[in-house]
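Please keep the sequence and the model side by side while reading.

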Amino acid sequence: MSIDRRSLMTKLAPALIGAGGVLAVSDAASAADVSIDEPGLRDGAEYIESIPDAALESEQAFDAWKKENPVVVPRGAVGCGVAVTTAVVSNVFVASKVLKIRAAIKAAGSAKKFADLLITGFKVAKAEGKSNQAAMEFAAKEASAVTGGEGLAAILELLSVAAVAEKCFGVDL
């Protein structure tokens with residue numbers, strides 16, 4: 001009997017949501033003992049959400065916006081939010097990819113809800129015994145599903161940045 005991952009996610013997500021909207025996975029479900037920086041992932045999604053529309057109209061506008069709004073990372077700062085922000089402002093991400101990720105964030109309803117989709121998707125996949133790479137792919141699919149899968153490639157590319165995978169999800173890819 002095959003189980004549809006989407007229906008599994010829908011059934012398990014409420015069980016994974018703890019008090020205050022914080023997601024938690026039991027010790028049995030977290031066989032890989034993953035350590036997700038949930039607040040940092042939400043911060044990173046909020047940063048993407050905050051990029052103005054005008055900055056994403058073209059590559060030139062995005063480059064100009066990045067120059068006018070440099071990311072200032074406090075000395076010694078590490079973590080998921082910094083990793084996401086650094087990945088977005090690096091030359092790896094073009095405006096069109098950031099726009100697709102931001103569309104998924106907006107479709108989810110907020111940066112927090114988008115991050116929660118990623119977190120829950122990753123935890124469900126790990127509870128199923130999936131590899132780190134497969135869990136990241138599943139999380140990206142869940143987060144992009146709110147846009148009909150439109151931003152899947154861009155979301156997956158963001159999650160595949162080594163620093164994001166390590167700092168946000170505590171895994172090496």
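Asn-69 sits in the loop between α3 and α4 (80–89). This is a predicted model. With a relative accessibility of 32%, Asn-69 counts as partly exposed. That value falls between the two cut-offs, since buried means under 20% and exposed over 50%. Ile-51 lies 18 residues from Asn-69 along the chain, and the two C-alpha atoms are 10.0 Å apart.

**Aromatic pairs**

How many aromatic pairs does the count come to? It comes to three. In one of them, the ring centres of Phe-62 and Trp-65 are 6.3 Å apart and the planes meet at 5°, so the pair is stacked. The reasoning is simple: ring centres must lie within 6.5 Å, and planes under 30 degrees apart count as stacked.

Both residues belong to helix α3 (residues 59–68). They are three residues apart there, which puts about one helical turn between Phe-62 and Trp-65. Phe-62 is buried, at 0% relative accessibility. Trp-65 is buried too, at 12%.

Phe-122 and Phe-169 make a tilted pair. Their centres are 4.7 Å apart, with 45° between the planes. This pair links distant parts of the chain. Phe-122 is in helix α6 (residues 111–127), Phe-169 is in helix α9 (residues 162–169), and 47 residues separate them. Phe-122 has a relative accessible area of 0% and is buried. Phe-169 is likewise buried, at 0% relative accessibility.

**The cavity**

A search of the whole structure turns up one cavity of 30 Å³ or more. The volume of the largest cavity is about 90 Å³. Its lining consists of 14 residues. Nearest the centre of this cavity lie Leu-41, Ala-45, Phe-114, Leu-118 and Leu-158.

Which elements give two or more residues to the lining? They are α2 (38–50), α5 (95–108), α6 and α8 (152–160). Helix α2 gives the most, with four residues. By class, the lining holds 13 nonpolar residues and one polar residue. No charged residue takes part in the lining.

**Salt bridges**

The structure holds nine salt bridges.

| Salt bridge | N to O distance |
|---|---|
| Arg-42 and Glu-38 | 3.7 Å |
| Lys-106 and Asp-53 | 4.0 Å |
| Lys-112 and Asp-116 | 2.7 Å |

Arg-42 and Glu-38 share helix α2. They are four residues apart, about one turn of the helix. Are these two partners buried or exposed? Both Arg-42 and Glu-38 are buried.

What does the bridge between Lys-106 and Asp-53 tie together? Lys-106 lies in helix α5, while Asp-53 lies in the loop between α2 and α3, so the pair connects parts that are 53 residues apart in sequence. Lys-106 is partly exposed, at 48% relative accessibility. Asp-53 is also partly exposed, with a relative accessible area of 47%.

Lys-112 and Asp-116 are both in helix α6. Four residues apart, they are separated by about one helical turn. Lys-112 is partly exposed, with a relative accessible area of 34%. Asp-116 is buried, at 14% relative accessibility. The bridge therefore joins a residue on one side of the 20% cut-off to a residue on the other.

Notes
Residues are numbered from 1 along each chain as its sequence is written. This is a predicted model: local features need pLDDT of at least 70, side-chain atom pairs count only at pLDDT 80 or more; totals for chains, interfaces and linings use all residues. Side-chain values use heavy atoms; hydrogens and water are left out. Rings of Phe, Tyr and Trp (its six-membered ring) pair if their centres lie within 6.5 Å; planes under 30 degrees apart count as stacked, over 60 as edge-to-face and the rest as tilted. Buried means under 20% relative accessible area, exposed over 50%, partly exposed in between (1.4 Å probe, protein chains only). On a 1 Å grid over the protein atoms alone, a cavity is a set of points where a 1.4 Å probe fits but cannot get out, and a pocket is an open set with protein on both sides within 12 Å along at least five of seven lines; lining residues have an atom within 4 Å of a point. Grid points are joined across faces, edges and corners, and a volume is the space filled by probe spheres set on the points. Ala, Val, Leu, Ile, Met, Phe, Trp, Tyr, Cys and Pro count as nonpolar, Asp, Glu, Lys and Arg as charged, and the others, Gly among them, as polar. A salt bridge is a side-chain nitrogen of Lys or Arg within 4 Å of a carboxyl oxygen of Asp or Glu.
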